[in-house]
Amino acid sequence: MNQLADNDWARRWNLVRADTNLRKDVLHKGAGSVLELKFDANIESFVPVGDIPPAFLNATLKPRGRVAPDLESIGLHPLPTYSSEHEPHYVKVLDDFLIPYLQADLLNGDLQRLEAVIRIQCGWPKAGSRLAQLNPDLHFVNVDARIYQFKNGMRQSDSATSGNSTLLVIWAPDAPRQPVNSDGSAMGVS
Amino acid sequence: MSFRRHINGLEFCYRTLVERLGFATEDVHVLSYDGSLRSSREPDEGAASGRWPGDNTPYRLKITGEGSRAGFRAALAVIARKLGPDDQLFINTTGTGGNHGNGCGPDLIVYPHARRYRRAEFCADIAALPAHRSLVVLMAQCFSGGFNQPVLTASRAQSTFIASAAAETAPSFALPDDLSWDSFQRNFIAALGGYDVDGVAHSRTGGRGARPFTVGEAFEYAMRAPVRSPYDSPEFAARPAAAVNLTLG
């Protein structure tokens with residue numbers, strides 16, 4: 001399996017979808033955002049630059065693992081170019097293939113990834129509710145995030161003859177040391 | 001999926017049901033992770049042999065099945081054979097929740113490998129139970145409020161009450177500065193049983209002869225408890241409205 005090089009990560013990633021708990025901070029206004037990464041040799045990590053999605057402000061993304069993940073090994077073909085009509089397919093792929101694959105690697109695995117702590121908003125009581133009055137301030141929580149890339153993971157268009165792009169999967173799994181009980185994912189492409 | 005704090009919460013629920021509210025141990029089904037006392041980030045049994053942080057005594061919980069849809073359906077099948085029109089069923093879920101935000105969720109995240117136990121599947125499974133007197137559900141995972149109305153619709157009980165730690169789009173939290181417990185679940189169970197995890201009697205309901213909290217009162221207490229996460233967004237639903245007056249046991 002080919003290992004990923006620094007320039008496989010240091011590029012502009014178009015983030016196209018996110019679960020409910022990540023959407024506000026990973027996708028600007030829920031519509032999509034760009035995560036541009038640059039390698040910082042001093043800290044041997046990647047840092048976001050440019051118009052940084054709020055979740056990644058001040059984040060440092062550390063490379064980990066030695067085995068490049070790939071879709072074929074879990075029986076998947078490249079995903080169609082993301083659009084809202086393909087959301088059910090993306091969700092099925094996440095639930096039935098990608099998250100179980102990543103979860104199996106979580107304890108002692110060696111998949112290549114970036115690890116970061118990102119910041120997401122929490123606590124959105126319904127506007128006007130008693131809870132919203134009791135707790136009007138926005139609350140942010142730091143969560144562990146693991147970021148994987150799958151070469152040839154997304155088709156560039158729905159045409160079977162077009163080339164493929166690299167799929168980015170951002171996974172913020174529930175973690176014992178976090179005060180919050182959520183599992184969330186986001187996806188992008190470059 | 002469960003961490004140590006979720007197993008701690010299940011232990012508290014188990015002790016409250018059996019030791020405070022008089023449920024028979026054979027009537028309590030406990031499903032967690034791989035069917036052991038381990039949590040999902042504990043590679044061996046070491047942590048499970050530790051002591052419960054509530055009162056520093058060994059765990060008494062007996063895990064009867066894995067924390068999966070198959071495990072839940074198997075437990076419901078056993079319950080269904082005994083459940084009659086005068087019976088009460090109490091379900092407490094805890095652990096991790098997910099919500100893709102596509103209108104099909106939220107989901108419970110279950111064993112193995114963070115599989116999804118979908119809301120529609122959960123509701124279909126409880127809808128297959130025979131008719132019974134009352135159903136009380138306490139959900140502590142993130143986004144659990146999204147289960148409230150569908151559970152009311154699915155329930156075959158004459159009276160149904162469901163309390164959830166968080167709204168459909170919001171996460172649920174551990175206690176501030178103490179990751180040993182989930183905030184809402186601990187306070188709700190403490191109110192129901194009249195005692196907190198350390199065995200200290202609850203100020204209003206604890207002690208012999210005290211009137212037990214109704215589920216509605218337990219909800220109110222858990223929302224306002226002096227030690228709680230301020231960031232939970234609890235919600236409840238009841239059918240009929242008088243189901244808030246249900247008690248356990």
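Here is what to click on, stop by stop.

This is a predicted model, where local features need pLDDT of at least 70, side-chain atom pairs count only at pLDDT 80 or more, and totals for chains, interfaces and linings use all residues. Residues are numbered from 1 along each chain as its sequence is written, with chains lettered from A and ligands numbered from 1 in the order in which they are written.

Start with residues 4-20 of chain B: that's helix α1 (helices are DSSP runs of H or I, at least four residues; strands are runs of E, at least two; both numbered from the N terminus). Of the 17 residues in α1(B), 14 are buried (20 or more other C-beta atoms, placed from the backbone, within 10 Å of a residue's own). Just past α1(B), click Gly22(B), with its positive phi of about 80 degrees.

Next, pick Ile162(B). Among its contacts beyond four places in sequence are Val137(B), Phe147(B) and Phe236(B) (contact: C-beta atoms, placed from the backbone, within 7 Å).

Now for the interface: select 29 residues from chain A and 32 residues from chain B to show the contact. Which element gives the most to chain A's side? That's α3(A), with seven residues. The chain A side has twelve nonpolar, nine polar and eight charged residues.

Last stop: β8(A) and strand β4 of chain B (residues 97-98) pair in the parallel sense over two bridges (pairing takes at least two DSSP bridges). Zoom in on Ser182(A), opposite Gly97(B) in β4(B).

How values were computed:
The expected span of a helix is 1.5 Å times one less than its number of residues. A residue is buried if 20 or more other C-beta atoms lie within 10 Å of its own, exposed if 12 or fewer, and partly exposed in between; C-beta atoms are placed from the backbone. Two residues are in contact if their C-beta atoms, placed from the backbone, lie within 7 Å. Ala, Val, Leu, Ile, Met, Phe, Trp, Tyr, Cys and Pro count as nonpolar, Asp, Glu, Lys and Arg as charged, and the others, Gly among them, as polar.
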